[in-house]
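Okay, everyone, thanks for coming. Let me put the structure up, and then I'll talk you through it piece by piece.

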Amino acid sequence: MRPLLLLGLPLWLWGETLSLYEVPKMHCPLCTVAVKKSLKALDGVHRAEVRLNTKEARVWHDDALSNAALSEAISKTGYEGILVSREPIEAP
């Protein structure tokens, strides 16, 4: 139980946000790997999921991480990331 509390502490203290990006020009599994790897390389990104079938990237990150930084990480892979939504995640 104690490790779970310790893992949740940073989320409670600094807040977490879920951002959804549309990446319309991804066309193969390697594209998704490149976008995911670039997003996860940013400080403050906790988790990233990139799906080819929906052409979407979901990023769980610190509140302080800007949309510009996330968009730039996607653009470094050669694709455009279009912000669809950005919502704070409530602590459990």
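Let's start with Val 35. Setting aside the residues within four places in sequence, Val 35 is in contact with Met 26, Val 50, Ile 74, Thr 77 and Tyr 79. Before I go on, keep in mind that this is a predicted model.

So where does Val 35 belong? Val 35 is part of the largest nonpolar core, which has 16 residues. Along with Val 35, the residues with the most contacts inside that core are Leu 39, Leu 70 and Ile 74. And which elements give two or more residues to this core? Those are α2, residues 29-40, then β2, residues 45-51, then β3, residues 56-62, and α3, residues 67-75. As general background, nonpolar side chains in soluble globular proteins tend to be buried together.

Let's stay with Leu 70 for a moment. Leu 70 is found in helix α3. Buried or exposed, what does Leu 70 count as? Buried, because its relative accessibility is 0%, and the cut-off for buried is under 20%. If we again skip residues up to four places away in sequence, Leu 70 touches Ser 19, Tyr 21, Leu 39, Leu 42, Val 45, Val 59, His 61, Leu 65 and Arg 86. Here's another one to find on the screen: Leu 70 and Ser 38 are 32 residues apart in sequence, and their C-alpha atoms are 9.1 Å apart in space.

Now the sheet. It's an open sheet of four strands, the order is β2-β3-β1-β4, and the pairing is antiparallel. Which strands sit at the edges? β2 and β4, with β4 covering residues 82-89, and each of these pairs on one side only. On average, neighbouring strands in this sheet are turned by 15° against each other, ignoring direction.

Let me walk across the sheet, pair by pair. β2 and β3 pair in the antiparallel sense over six bridges. In that pair, look for Ala 48, which stands opposite Val 59 in β3. β2 and β3 also form a hairpin, with four residues between them. In the turn you'll find Lys 55, which has a positive phi of about 55°.

Next along is β1, residues 16-22, which runs antiparallel to β3 and is joined to β3 by seven bridges. Thr 17 stands opposite His 61 in β3. On to β4: seven bridges join β1 to β4, and these two run antiparallel as well. There, Leu 18 stands opposite Glu 87 in β4.

What about the helices against that sheet? α2 lies across β2 and β3, and runs at about 165° to β2. α3 lies across β1, β2, β3 and β4, running at about 45° to β1.

Okay, charges. How many salt bridges are there? The count comes to three. One is between the side chains of Arg 47 and Glu 49, at 2.4 Å, N to O. Another joins Glu 49 and Arg 51, at 3.8 Å, N to O. Then there's Arg 58 with Glu 56, at 3.6 Å, N to O. Through shared partners, Arg 47, Glu 49 and Arg 51 are joined into one network.

How accessible are these residues? Glu 49 counts as partly exposed at 22% relative accessibility, and Arg 51 counts as partly exposed at 45%. As for the remaining pair, Arg 58 counts as partly exposed at 31%, and Glu 56 is partly exposed with a relative accessible area of 25%.

Last stop, the cysteines. One more thing about Cys 31: it counts as buried, at 3% relative accessibility.

That's my tour, so over to you for questions.

Definitions and conventions:
Residues numbered from 1 in each chain as written. Predicted model: local features only at pLDDT ≥ 70, side-chain atom pairs only at ≥ 80, totals over all residues. Heavy atoms only, no water. Core = buried A, V, L, I, M, F, W, Y, C linked by side-chain atoms within 4.5 Å. Buried < 20%, exposed > 50% of the residue type's maximum accessible area, 1.4 Å probe, protein only. Contact = heavy atoms within 4.5 Å. Salt bridge = Lys/Arg side-chain N within 4 Å of Asp/Glu carboxyl O. Pairing = 2+ DSSP bridges. Axes fitted to C-alpha atoms, helices over the stretch in contact; angles between N-to-C directions.
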